[in-house]
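Reader: Please walk me through this model feature by feature. Give me the general idea each time, then the case at hand.

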Amino acid sequence: MTEPHVSARDSESIPDVPQRLAELAREGSAVAVATVISRRAPVSAQVGDKALIHADGRMEGFVGGACSREIVRRQALLSLQGGQARLVVIVPGAAPQDAEHAFAERVTVPMNCASEGASEVFIEPLLPPRLLVVVGHTPVAQAIATHARVMGDRVWRVLDDDEAGAHGEGPDVVPLSELADRLAGLPAAQRARARSVVASQGHYDESALEVLLRAQPNPVGLLASRKRAENVRETLRVLSSFGDAELERIRGPVGLDLGARTPHEVAVSVLAEMVQLDRAGKGRVPVAAVPEGSAGTPPAEFPAAAPSTPAPPAPATASPLLSAVMGLDALPVAASRSATDPVCGMTVTLPAKHTAEHAGQEYAFCCPHCKARFLKEPAAYIPG
C-alpha cells in the first residue's frame, strides 16, 4: 500500500461551516455534511458536531473517535454515490443493515471497538448541478436542453463554430472547437458527473463524438437509429483509430419507448429514462476518479463500488446509454477499495492508516486498538 491514507489531510475543525460550504459550492465540489444528532455515552462526539466529507474521502470536522470516524467516512462516500441523504445508526453489537448500499435511507452499523457508546449521524450529500452536454442545432437538441434546465440540470449547448456565432454568445453556448478545453477546465467532481447526448442528427456526429470520447470519461449518447449508430462507430474506428473499448462508450438509441414523435416527446422520453434509472438506482456504473485537468480516456469498464455491493440489473425498458451514465456521481476508486478488519469485522477504506503484516499477508485495521489485539495474538483472528 503505497498511497497515503485519505485521512492524512483530514482537519479536526471547520472555522465557519456556512462559509466553507459556500466556497465549495462556488468551486463546484461534491461534499457530504455529517451531523451528530444523538449520542449515548461513552462517545467523544457531541450532539451538533459536524464534518464535511469530500469525494476523495478527505474529512473536515469532528464526528467521533477513530472507529466512528471511519464508519461516517465510508457512509458519506456511499451517500455521495447514491446522491441520497441517510441516517447512520452506530450501535455496539448490532447486526449491519444495508451498510454497503448506496441508496439506503437508514443504515445500522455495528460498533465493535473498545468504546461501547452509540451515536446517530445524519449525512446529507451536496452535489453540484449535473452537467448535460447537448450537441446539435436541431429541434430535438433544443427540446432536451429546455426540459433538462427545468429539471435543474446545468446544460451546455454545443454547436459547430458557425452555428455558435449565429446563435449569440452566452455561458451555456459552447463552440465545438472549444469543447475539449471547456471540459478539461471543469473541476473533477463536475466532469465525473457529466452526461452527453449528441443530437446533431448527422451534421457533425462524428466530430462531436471524437471530442467527447477523448475529453471526458463517461459514455456518450447518440440520437440515431441502431444502423446509423453502427455506421458512426465504424467511421470513428477507421478515421480516428478508436478501439473497441472507446467505441463501446457510444450508446444509442436513447430514451424510453413511448412512441414519441415530436421533438418534445423525444426529449421527454430521454429524460424520463434518466429519472427512472436514477430513482430505481439501476444500471449505475461507478466511475473512476477523474484527475484535475485530465482529458484522457479511461477504460470502458469501471470497478464496482465494493465487492459486497453487486450492481442491480437495468430494467428491460432501459437503453444502453442510460444504463451506463446514471452512475456518474459514483465513489472514486480510492474510496471504493475496502477490506475487513480481522479483529472487529468493520469495513476499512483502503489505503488504511493502521496496517500490519503477518506471514506475508498485509491486514488493515480501523484503529490502533484492533491492530494491537491482532499483533498480540494473530492466530485468534485468522481463519483456519
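Reader: What percentage of the 384 residues of the chain count as buried?

Author: Buried means under 20% relative accessible area, exposed means over 50%, and partly exposed lies in between, with a 1.4 Å probe and protein chains only. By that rule, 49% of the 384 residues count as buried. This is a predicted model, where local features need pLDDT of at least 70, side-chain atom pairs count only at pLDDT 80 or more, and totals for chains, interfaces and linings use all residues. Residues are numbered from 1 along each chain as its sequence is written, and side-chain values use heavy atoms, with hydrogens and water left out.

Reader: How many helices and strands are in the chain?

Author: Helices (H or I, at least four residues) and strands (E, at least two) are DSSP runs, numbered from the N terminus. The chain has 13 helices and 16 strands.

Reader: Which strands form the open sheet, and in what order?

Author: Strands of a sheet pair through backbone hydrogen bonds, either parallel or antiparallel. Two strands count as paired if DSSP finds at least two bridges between them. Here six strands make an open sheet, ordered S9-S8-S7-S10-S11-S12, with parallel pairing. S9 and strand S12 (250-251) are at the edges; each has a single partner strand, so one side of each lacks a neighbour in the sheet.

Reader: How many bridges does S8 make with S7, and how many with S9?

Author: Strand S7 (residues 131-135) pairs with S8 over five bridges, in the parallel sense. Within that pairing, Val134 has Arg157 of S8 as its bridge partner. The path from S7 to S8 runs through helix H3 (residues 139-150), and this β-α-β crossover is right-handed. The term means that, with the strands pointing away from the viewer, the path from the first strand over the helix to the second runs clockwise. S8 is also joined to strand S9 (residues 173-175) by three bridges, again parallel. There, Leu159 has Pro175 of S9 as its bridge partner.

Reader: Is S8 mostly covered or mostly open?

Author: Mostly covered. Strand S8 spans residues 154-159, and five of its six residues are buried.

Reader: Which residues have the most contacts inside the largest nonpolar core?

Author: A nonpolar core is a set of buried Ala, Val, Leu, Ile, Met, Phe, Trp, Tyr and Cys residues joined through side-chain atoms within 4.5 Å. The largest has 38 residues, and Ile53, Val72, Cys113, Ile123, Cys366 and Cys370 have the most contacts inside it. Elements giving it two or more residues include helix H2 (66-82), strand S6 (118-126) and helix H13 (368-376). H2 gives the largest share, six residues. Another core lies apart from it, with 30 residues, among them Leu131, Val135, Leu186 and Phe242.

Reader: What does Cys366 touch?

Author: Contact means heavy atoms within 4.5 Å. Leaving out residues up to four places away in sequence, Cys366 touches several residues, including Cys67, Cys113, Cys344 and His354.

Reader: How many disulfides does the count give?

Author: A disulfide is a covalent bond between the sulfur atoms of two cysteines. The rule here asks for a pair of cysteine sulfur atoms within 2.5 Å. The count comes to zero. Cys344 is in no disulfide, and its nearest cysteine sulfur, that of Cys366, is 3.7 Å away. Cys370 is in none either; its nearest cysteine sulfur, that of Cys344, is 3.8 Å away. Cys344 is buried at 9% relative accessible area, and Cys370 is buried at 0%.

Reader: Which peptide bonds are cis?

Author: Pro253 sits in the loop between S12 and helix H10 (263-280). A cis bond also joins Leu350 and Pro351, with omega about 0°. Pro351 belongs to the loop between strand S14 (347-349) and strand S15 (354-358).

Reader: Where do Gln201 and Ser241 lie?

Author: Gln201 is in the loop between strand S10 (195-198) and helix H7 (205-215). Its phi is near 55°, a positive value in a residue other than glycine. Gln201 is partly exposed, at 46% relative accessibility. Ser241 is in the loop between helix H8 (226-240) and helix H9 (244-247). The phi of Ser241 is positive too, near 60°. At 64% relative accessibility, Ser241 counts as exposed.
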